[in-house]
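Open the model in your viewer and keep the sequence panel beside it. Each stop below says what to select and what is there.

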Amino acid sequence: MHAPFGTFESVSAALEVADLLADPVADALKNWDDREAAESVLYVDTDPGKADTAVFCETYGAPLEASANCVVVAAKRGGETALAACLALATTRVDVNKAVRKHLEARKASFASMDAAVAETGMEYGGITPIGLPAGWPLLIDAAVAEAPYVLIGSGRRRGKLILPGRALAQLPGAEVLAGLAG
């Protein structure tokens with residue numbers, strides 16, 4: 001099995017190596033209603049010390065423009081705080097103060113703390129991924145991600161990454177594709 005880009009020594013169907021994924025990610029893949037999308041997900045085994053995007057891309061020859069980062073956002077309104085996830089290409093930045101805040105109809109939006117993101121997702125910091133997010137969370141995906149032929153995302157752990165078609169990400173529960181989410 002080969003990845004569509006990069007120089008990875010080990011490439012597997014993610015469903016076949018679920019034990020290497022964070023539990024919420026493995027569960028989400030196994031229970032994903034869109035079986036074709038679930039079966040399209042590849043797992044590449046990588047060094048957890050090189051999980052940060054720029055270092056990862058340089059080490060494994062993965063194009064930065066095919067890499068997407070998932071960030072957890074805390075949206076506040078009327079004394080309530082709701083969490084959401086945003087997915088944008090690594091070459092861009094999520095517009096938290098305008099696009100996210102406005103879409104979530106929040107008074108204020110900011111990046112969630114590392115501790116909150118890890119505790120709420122059940123994933124490792126540096127590996128948080130849109131697959132396996134808590135039920136009910138909005139997943140805001142920049143249109144450029146959904147339009148990409150293939151996208152590299154986290155696996156829920158710092159070790160390993162997932163590669164899948166951008167269109168498959170738009171099929172995730174709670175996913176909303178937005179033009180202008182990132183710039």
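Select Gly 132 and show its neighbours: leaving out residues up to four places away in sequence, Gly 132 touches Pro 24, Val 25, Ala 28, Thr 121 and Met 123. This is a predicted model, so everything on the tour is computed from predicted atoms. Gly 132 sits in the loop between helix 5 and strand 6 (139-142). Is Gly 132 buried or exposed? Its relative accessibility is 15%, so Gly 132 counts as buried, the cut-off for buried being under 20%. Gly 132 and Asp 95 are 37 residues apart in sequence, and their C-alpha atoms are 23 Å apart in space.

**Helix 5**

Ala 116 and Ala 74 are 42 residues apart along the chain, with 9.3 Å between their C-alpha atoms.

**Helix 1**

Select residues 23-31, which make up helix 1. Colour Val 25, Ala 26 and Leu 29, the buried residues there. These three cover an arc of only 100° around the axis, so they are on the same side of helix 1. An α-helix has 3.6 residues a turn, so residues three or four places apart point the same way. What do the buried residues of helix 1 pack against? They pack against helix 2 (35-39) and strand 8. Turn the view to the face of helix 1 that points away from the buried side, and you find the exposed residues Asp 23 and Asn 31.

Select residues 161-164, which form strand 8. Both faces of this strand are covered. Lys 161 and Ile 163 are on one side, Leu 162 and Leu 164 are on the other, and all four are buried.

Which way does strand 2 run relative to strand 8? Select residues 42-44 to show strand 2: it is antiparallel to strand 8, and three bridges join the two. Within this pairing, Val 44 stands opposite Lys 161.

Now select residues 151-154, which are strand 7. Strand 7 and strand 8 also pair in the antiparallel sense, over four bridges. Ile 153 has Leu 162 as its bridge partner, and Val 151 stands opposite Leu 164. Follow the chain from strand 7 to strand 8: the two form a hairpin with six residues between them. Gly 156, in the turn, has a positive phi of about 95°.

**Helix 3**

Select residues 53-60 to display helix 3. Which residues of helix 3 are buried? They are Phe 56, Cys 57 and Tyr 60. Seen down the axis, these buried residues fall within an arc of 95°, so they line one face of helix 3. Strand 7 and strand 8 are among what covers them. The face turned away from the buried side carries the exposed residues Ala 54 and Glu 58. Just after helix 3, select Gly 61, which takes a positive phi of about 65°.

**The aromatic rings**

The structure holds three aromatic pairs. One of them is Phe 56 with Tyr 60, a tilted pair at 4.8 Å centre to centre with 40° between the planes. Phe 56 and Tyr 60 are four residues apart in helix 3, about one turn of the helix. Lys 161 lies over the face of Phe 56, at 5.2 Å from the ring centre.

**Last stop: Thr 46**

Select Thr 46, in the loop between strand 2 and helix 3. Thr 46 has a relative accessibility of 3% and so counts as buried. What does Thr 46 touch? Not counting residues up to four places away in sequence, its contacts are Phe 8, Phe 56, Tyr 60, Arg 159, Gly 160 and Lys 161. To finish, zoom in on Gly 160: its backbone nitrogen lies 3.0 Å from a polar atom of the side chain of Thr 46.

Notes: Residues are numbered from 1 along each chain as its sequence is written. This is a predicted model: local features need pLDDT of at least 70, side-chain atom pairs count only at pLDDT 80 or more; totals for chains, interfaces and linings use all residues. Side-chain values use heavy atoms; hydrogens and water are left out. Rings of Phe, Tyr and Trp (its six-membered ring) pair if their centres lie within 6.5 Å; planes under 30 degrees apart count as stacked, over 60 as edge-to-face and the rest as tilted. A charge sits over a ring if NZ of Lys or CZ of Arg is within 6 Å of the ring centre and within 35 degrees of the ring normal. Buried means under 20% relative accessible area, exposed over 50%, partly exposed in between (1.4 Å probe, protein chains only). Two strands pair if DSSP finds at least two bridges between them. A polar contact is a pair of N or O atoms within 3.5 Å; within protein, one must be able to donate a hydrogen and the other to accept it, and residues adjacent in sequence count only if both atoms are side-chain atoms. Contact means heavy atoms within 4.5 Å. The arc is that of the directions from the helix axis to the C-beta atoms.
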